[in-house]
Amino acid sequence: DVLGEALATTHRVLAIDMPGRGESEWLADPNDYVFTTYLTTLVALIARSGAATLDWVGTSMGGLLGIVVAAQPKSPIRRLVVNDIGPAIEPAALDRIRGYFGLDPTFATYAEIELYVRSVSAPFGHLTDAQWEHVTRSNVRQRADGRWRLAYDPGIAVPFRASAAPPDLWPVWDAIRCPTLVLRGGQSDLLSAATAAEMGKRGPQPAIIEFADVGHAPMLLSPGQIDPVTAFLRAAVEPPSAAESATNG
């Protein structure tokens with residue numbers, strides 16, 4: 001949302017709570033928390049928005065969904081930003097995520113759940129207290145009995161835990177043709193440096209920006225992380241200056 005606010009002067013911003021997350025409804029069957037459901041939801045949203053083209057910023061799962069949509073023939077994606085995810089995912093990172101994903105702990109106080117969020121989200125890097133407060137408030141809810149819980153359906157982990165090794169998405173990546181920017185946390189255990197380097201050589205041959213002292217994933221809360229994204233996306237909407245026009249003409 002901080003990135004969305006920064007882009008609001010040049011873009012119409014759609015910030016999406018995927019099914020089972022945030023303010024969106026929970027699905028009746030947890031086995032429906034899969035890519036086919038998410039892609040159908042997003043394609044319907046794009047159609048409902050009336051937008052002929054769009055820019056896509058996706059972190060982790062959102063990045064994978066963006067990769068799939070961008071690879072389709074006549075994709076509406078004009079520019080793609082992929083945040084700390086790629087066609088190959090490190091198994092050790094998936095094992096780490098399985099250790100806490102889908103758990104439904106509750107806490108007596110907000111202070112307790114904030115400490116929990118800081119613990120499981122430590123790879124986000126060195127956030128300020130105000131940023132941690134923002135991340136926590138965005139991701140927790142208070143129950144009717146006064147206790148605090150995470151703002152997602154624990155059922156989203158059912159198909160995730162049942163899945164085997166992640167699919168090889170390199171052929172999908174190779175089909176992307178739109179301008180693309182890849183962001184990577186310098187200490188990410190999900191997107192390896194080797195995979196990021198290979199991404200730069202194949203498919204859309206994106207620019208790659210690495211943020212030091214950050215794991216999975218850069219939260220895009222600070223100017224140092226936000227500015228490269230806004231510059232990349234605004235390059236598609238801002239007209240060239242008179243000098244640039246003369247040079248290019």
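**Notebook: sheet and helix packing**

I began with strand 1 and strand 2 (residues 77–83), which run parallel and are joined by 6 bridges. The model is predicted; local features need pLDDT of at least 70, side-chain atom pairs count only at pLDDT 80 or more, and totals for chains, interfaces and linings use all residues. Residues are numbered from 1 along each chain as its sequence is written, and side-chain values use heavy atoms, with hydrogens and water left out.

I took helices (H or I, at least four residues) and strands (E, at least two) as DSSP runs, numbered from the N terminus. Two strands pair if DSSP finds at least two bridges between them.

I looked up the partner of L54 and found that its bridge partner in strand 2 is I77.

I then traced the whole sheet: 4 strands form an open sheet in the order 1-2-6-7, with parallel pairing. Strand 1 (54–59) and strand 7 (207–211) stand at the edges with a single partner strand each, so one side of each has no neighbour in the sheet. I noted an average twist of 15° from one strand to the next; angles run from 0 to 180 degrees between N-to-C directions, with axes as lines fitted to C-alpha atoms, for helices over the stretch in contact.

Helix 10 (residues 223–234) packs on this sheet, touching strand 1, strand 2, strand 6 (180–185) and strand 7. Contact means heavy atoms within 4.5 Å. I recorded about 160° between the directions of helix 10 and strand 2.

Last, I checked helix 5 (residues 110–120) against helix 6 (residues 129–139): their axes come within 10 Å and cross at roughly 100°.
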